There are 2 protein chains.
Amino acid sequence: MAEPAPPTALHMGKGKVASVVAVLGERIVAGDYAPDAPLPVEADLAQSLDVGRSVLREAVKVLAAKGMVLARPRVGTVILPREEWNLFDHDVLLWHLRAMPLQPDLLRDILEARRIIEPEAALLAALNGSPARKQAIADHYHDMVTGARDPEAAVKADIGFHIAVLMASGNAILIAFAPALTAILTAFFKISIQKPEMFPGNLPAHEEVSQRILAGDPAGARAAMLRVLAYTETDLLDRAAAGDPDELLQTRRNYP
Amino acid sequence: MAEPAPPTALHMGKGKVASVVAVLGERIVAGDYAPDAPLPVEADLAQSLDVGRSVLREAVKVLAAKGMVLARPRVGTVILPREEWNLFDHDVLLWHLRAMPLQPDLLRDILEARRIIEPEAALLAALNGSPARKQAIADHYHDMVTGARDPEAAVKADIGFHIAVLMASGNAILIAFAPALTAILTAFFKISIQKPEMFPGNLPAHEEVSQRILAGDPAGARAAMLRVLAYTETDLLDRAAAGDPDELLQTRRNYP
DNA sequence: ACGATCAATTCATCAGATGAATTGATGCGG
DNA sequence: CCGCATCAATTCATCTGATGAATTGATCGT
């Protein structure tokens, strides 16, 4: 006698709070709510989502913790300006990348940020990585090679490779970049997985990153990581079919 | 007839949820809870904090959104390993810096991360900053000079300066670093504010950052920002009295 | 000794009621 | 006409008590 399909979009497996967080987060990122107007009042929104107010309030608190909304009495729950959002948060980044996978601005910013952070992480890994952490990098590279035929496993190994480099850097701040990087790579691979022949092409650069870090060659590790990223960028930019690739590299929005 | 002082530590001004988040966050960061054992059950913890279960649950959800805890039925609310915590979060970082202002590991990691990110942000600001965003940098530098006598205003201007550089970079990911940087600078100034003669010493380097960015000189802006950070680092390391400064620069913990 | 079943514990969610805070209107006086 | 203080309405904030759901660990049978 249970209703198999509730009238709302909440059907994911985890908990109701997590589902509501996902629904609201995606809506906000997608711009479904007017930037000026506040969200519907708690009672209405809870009813429209078919959950109790407790669930909605806990979900709003999660979004507030991520810097996306601010709830105040009498004024309601308002969406904060996008600069306040915590783009280092795994979920926030994933919502962005799902909403607009090839949005030129964000894609360029992400590639830029990776180019800033990851080569330095590789350098630090070569300098300071413990043997075990270094070995983890080599292991993930090995999985990339052996799993070349299985896209699923290869992607997992590739993500693990980049995370392992961050971990080996020994820098807690860079390590904190790992969840965001996981979201980035997950989204990127969803784009480029349809072209499996691209994957092996980036293996040599990955191998050199691993070897340089294992050998304790900081400058070499940094340079090799830059080459890994350059390969990824050209691949992604090729795939950003909609617009002119030059636009992705050169164009800049102007903040007021 | 109202009790003026509740039997708990919740006396801050905002809301009860924010207070509970702060109390629990600081306790967790300080290691007050056993790493293996879960937190007390909701009912007990809520009672011991003198709040309702709703408030406690919303607070726990906030901490979960920051990656610090994970609540599961039957097993309780457990503290996640420190690598999972979102160190880019303003609050998490502030709790760390308040709990152990001069913890060598984290201090070194923060300085390292700033040296990686901020010079590149200055470079991008010189390249891509809009005139208005560039002018904001110059304005904040101006406030640093004029407010040199008022430590309060000078600190605010200094923080604003570094944030303005991030903003002018035009990179959304780097801009998302702003809340964390605010927490970092706030904590750092609480350490070094007792030595006001240090502040003017770093003004020339700040001025050059501003000028190079205004002039559209990327390499110069990056180099100048590096000098700003170098000055800050020597100042902080001098102040890290407890340990040998060399230790701060050279020593590395080994991750297993 | 191994496996399936079951019960206890804990979080998850709901519902209704009351409190608190902020805003915008209202009305008065200048 | 304008400025200011007061007040009321709206919204979130919090409390309380109860019920549901999920996971674990023990129990029991084989």
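The exercises below, with worked solutions, concern a predicted model.

**Exercise 1.** Find what the helix rule gives for the span of helix 7 of chain B, and state how many of its residues are buried.

*Solution.* Step 1: helix 7 of chain B covers residues 151-169, which is 19 residues. Step 2: the expected span is 1.5 Å times one less than the number of residues. For helix 7 of chain B this comes to 27 Å, and the end C-alpha atoms are 27 Å apart, so the two values agree. Step 3: 15 of the 19 residues are buried, so helix 7 of chain B is largely enclosed by the rest of the structure. Step 4: after the helix comes G170(B), with a positive phi near 75°.

**Exercise 2.** Describe the side of chain A that touches chain B.

*Solution.* Step 1: 38 residues of chain A are in contact with 38 residues of chain B. Step 2: on chain A, at least two residues each come from helix 3, helix 5 (104-128), helix 6 (131-146) and helix 8 (172-175). Step 3: helix 5 of chain A gives the largest share, nine residues. Step 4: sorted by class, this side of chain A has 19 nonpolar, seven polar and 12 charged residues.

**Exercise 3.** Which residues come nearest to DNA strand C, and which elements supply the surface near it?

*Solution.* Step 1: 20 residues lie around DNA strand C, and G15(A), K16(A), G52(A), V55(A) and R74(A) come nearest. Step 2: two or more residues each come from helix 1 (16-30) and helix 3 (53-65) of chain A, and from strand 1 (69-72) and strand 2 (76-79) of chain B. Step 3: the classes are eight nonpolar, five polar and seven charged residues.

Note on methods. Residues numbered from 1 in each chain as written. Chains lettered and ligands numbered in written order. Predicted model: local features only at pLDDT ≥ 70, side-chain atom pairs only at ≥ 80, totals over all residues. Helix = DSSP H or I, 4+ residues; strand = E, 2+ residues; numbered from the N terminus. Buried ≥ 20, exposed ≤ 12 C-beta atoms within 10 Å, placed from the backbone. Near = placed C-beta within 6 Å. Nonpolar A, V, L, I, M, F, W, Y, C, P; charged D, E, K, R; others polar. Contact = placed C-beta atoms within 7 Å.
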